[in-house]
Amino acid sequence: MAERKRKRAAEEWERRKRGRRRRRSREGGDPMEALGEEVMGRVMELLDARSVARCTAVSPAWRGVAADDRLWAPKCAELMSGKAHIPRLTLIPTGSKLSTYSMAIMDGKRSRITKEDLCDHAWEYRFTIAAPEYFRNLDPSWKHTGPPMRRYFHPDGYLSADPDDAVWGGHECTYTVITSFVGNGRIREHYVRINRWPPLKVSRKDDWSWELSNHLYCYNSIPDSDKKRCTGPLFPVW
């Protein structure tokens, strides 16, 4: 007898709870409770990445849907489509697709270049209009007689060129990445120096490719097919 009473009381409690949920939904309550996870997942598929990321902070139930790998996998593919270089840290297998998206965004905004970035890419080398005419005449891209010259950075600190490069003199060519910091880890100076030539300013383009430049010449990174589009350091560098 007492057991039946407890069972009826529990059923009545559940019935009232469902009624309260329905009333809250009609009054503008939690859509997750009203529509369910499957429907809300379909809705989030239509949102941009920033909006979906904000949904993860609403509640644990919302995060369970908004952080799902099935939702973020196509967003990661869309983010990286058309990019010149895909960060190597996105290959970390233990991370969720949401964390992969976040790390890729942060790395794509990174302007601090590393030795891995330099060595993972082949580089197009061009003279600027300020360079002496003699050197511009040796540059096939200036004369429109061929593609730009190429340069290659190596882990041992040396720089090389193709064998038929008219500018390359076969002399010793070394490079150094210079970074100096001020308080709170802020970067004061950051550049690449080749031999004792003028420093090369480091910049990043919208397609996540790199540019090294000064008033005489510039280097532009190009996609490196044998790296399977994944380049740079394996761990985050900010």
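The UniProt record, in an unreviewed entry, places the feature "domain: F-box" at residues 37–73; positions from UniProt are given in the numbering used here, with feature names shortened, and such annotations may be inferred rather than shown by experiment. The structure is a predicted model, in which local features need pLDDT of at least 70, side-chain atom pairs count only at pLDDT 80 or more, and totals for chains, interfaces and linings use all residues. Residues are numbered from 1 along each chain as its sequence is written, and side-chain values use heavy atoms, with hydrogens and water left out. Over residues 37–73 the chain is 76% helix and 0% strand, with its end C-alpha atoms 18 Å apart, where helices (H or I, at least four residues) and strands (E, at least two) are DSSP runs numbered from the N terminus.

Ala67 is located in the loop between helix H5 (60–66) and H6. The C-alpha atom of Ala67 is separated by 7.6 Å from that of Ala53, 14 residues apart along the chain. When neighbours within four places in sequence are left aside, Ala67 is in contact (heavy atoms within 4.5 Å) with Thr56, Trp72 and Leu98.

Two packed helices are described by the angle between their axes and the distance between the axes. For helix H6 (residues 69–80) and helix H7 (residues 97–108), the axes come within 8 Å and cross at roughly 25 degrees, the axes being lines fitted to C-alpha atoms, for helices over the stretch in contact, and the angles running from 0 to 180 degrees between N-to-C directions. H6 is therefore roughly parallel to H7, a class that covers angles under 35 degrees. The contact involves Asp69, Trp72, Ala73, Lys75, Cys76, Leu79 and Met80 of H6, together with Lys97, Leu98, Thr100, Tyr101, Ala104 and Ile105 of H7.

Strand S2 (residues 122–127) pairs with strand S3 (residues 149–153) in the antiparallel sense over four bridges, and Met149 in S3 is the bridge partner of Tyr125. S2 also pairs in the antiparallel sense with strand S9 (residues 217–222), over six bridges, with Ile222 in S9 as the bridge partner of Ala122. Strand S6 (residues 187–194) and strand S7 (residues 200–204) run antiparallel and are joined by two bridges, and Val192 stands opposite Leu200 in S7.

Conventions
Angles under 35 degrees count as roughly parallel, over 145 as roughly antiparallel, 65 to 115 as roughly perpendicular and the rest as oblique. Two strands pair if DSSP finds at least two bridges between them.
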